[in-house]
Amino acid sequence: QSTLTNPLTQIFSGTPPDNVLIIVTARYEKALPVELIELLAREPDRRLSINKFDESQVAEFMRRRGVHLDDESLARVFTVSAGLPIYLQYLAGALLRMTVPQRNAHLRSAPALKGADIDRFHRHLWQEWEGDTDVVYLLAILALREEFTSSELLLRLIRSLGCQITLATLTRKIDAIQFVLKVSEARGLAISHASFAEFILEQTRALRSEITQAILAWYEAEPASDEAWRHRFRHLLDAGEYRALVHACDEEWVNRAWESFRPLAEVQRNLDHAWVASIRAKDLLAFIRIAFLKQQAALIDRNVEMT
């Protein structure tokens, strides 16, 4: 399941298993099951809160990221960020490539968090960017894919959604929002923080269906690509195309997965998606067939562990 819409902490209901001693999560409290939220309320000592940075720590944070500011600017950074590390990360990324006048203007316009959460800053960014269709689609695609995506693939997907954009223009717009992105060694792009990805998914929910269809069309055109192997079934499930997913998950697909040396965990995850689809499609025969495929994969996994 998606780690954004179904975080790992959701699997715990009531008392965690005996072999789980510590659960560490940096997510919002609402990402926890109700039982764990109630447990924290009854036993507050279980909650370990990390304090926000003080002024000296903010200065050190900026210095380590190559952002050298005068005392007045540092004071403004502290006031604006309220010492919240995630906001400081955004500010450092934005300020790094700016001139001094640009930095001053940016800090004057940046919203101060005070008692608010990071979504106040997210809303500020959205107000700046929501009028740019290309940027909206760019962020929505990255949030929906939940993985690193090359500029070339982003260009192809955005164009397929009706946007007339060149690679040069896309590159320029990526540069403008670089401070909310992370870059892989292969130069793939992804949204830096889960909280911002969740915010973007909420703001662009009306685009979710057409973007999913564009992604699926690309997977269909490139069935042997690494990304299609990893994510096609997840997007079919997300799109509600249960029959298509059940049909795609056949013995031939499994054989091709083994022949292509696909990771066992990936195969099992895709079988899980197909199994869920068979349930939602109310297809008993497919449910039984995929159950046997899951059993086969589990036996292979067990034999690999024993060797």
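Which residue with a positive phi follows H14? In this predicted model, that residue is Phe-261, with a phi near 55°.

Helix H14 itself spans residues 251-259, and its buried residues are Trp-253, Val-254 and Ala-257. Viewed down the helix axis, these buried residues fall within an arc of 100°, so they line one face of H14. The face turned away from that buried side carries the exposed residues Glu-251, Glu-252 and Glu-259.

The structure holds 10 aromatic pairs. A pair of aromatic rings is described by the distance of the centres and the angle of the planes. Two of the pairs are set out below.

| Pair | Centre to centre | Angle between planes | Class |
|---|---|---|---|
| Tyr-87 and Phe-121 | 4.5 Å | 40° | tilted |
| Trp-229 and Trp-253 | 6.0 Å | 40° | tilted |

Tyr-87 belongs to helix H4 (residues 85-96) and Phe-121 to helix H6 (residues 119-129), so their pair ties together parts that are 34 residues apart in sequence. Both Tyr-87 and Phe-121 are buried. Ring pairs also link these two residues with Tyr-90, Phe-196 and Phe-199 into a cluster.

Trp-229 lies in helix H12 (residues 226-238) and Trp-253 in helix H14, so this pair ties together parts that are 24 residues apart in sequence. Trp-229 counts as buried at 7% relative accessibility, and Trp-253 is buried with a relative accessible area of 6%.

Phe-292 is found in helix H16 (residues 284-306) and counts as exposed, at 55% relative accessibility. Elsewhere, Arg-65 lies over the face of Phe-61, at 3.6 Å from the ring centre.

Definitions and conventions. Residues are numbered from 1 along each chain as its sequence is written. This is a predicted model: local features need pLDDT of at least 70, side-chain atom pairs count only at pLDDT 80 or more; totals for chains, interfaces and linings use all residues. Side-chain values use heavy atoms; hydrogens and water are left out. Buried means under 20% relative accessible area, exposed over 50%, partly exposed in between (1.4 Å probe, protein chains only). Helices (H or I, at least four residues) and strands (E, at least two) are DSSP runs, numbered from the N terminus. The arc is that of the directions from the helix axis to the C-beta atoms. Rings of Phe, Tyr and Trp (its six-membered ring) pair if their centres lie within 6.5 Å; planes under 30 degrees apart count as stacked, over 60 as edge-to-face and the rest as tilted. A charge sits over a ring if NZ of Lys or CZ of Arg is within 6 Å of the ring centre and within 35 degrees of the ring normal.
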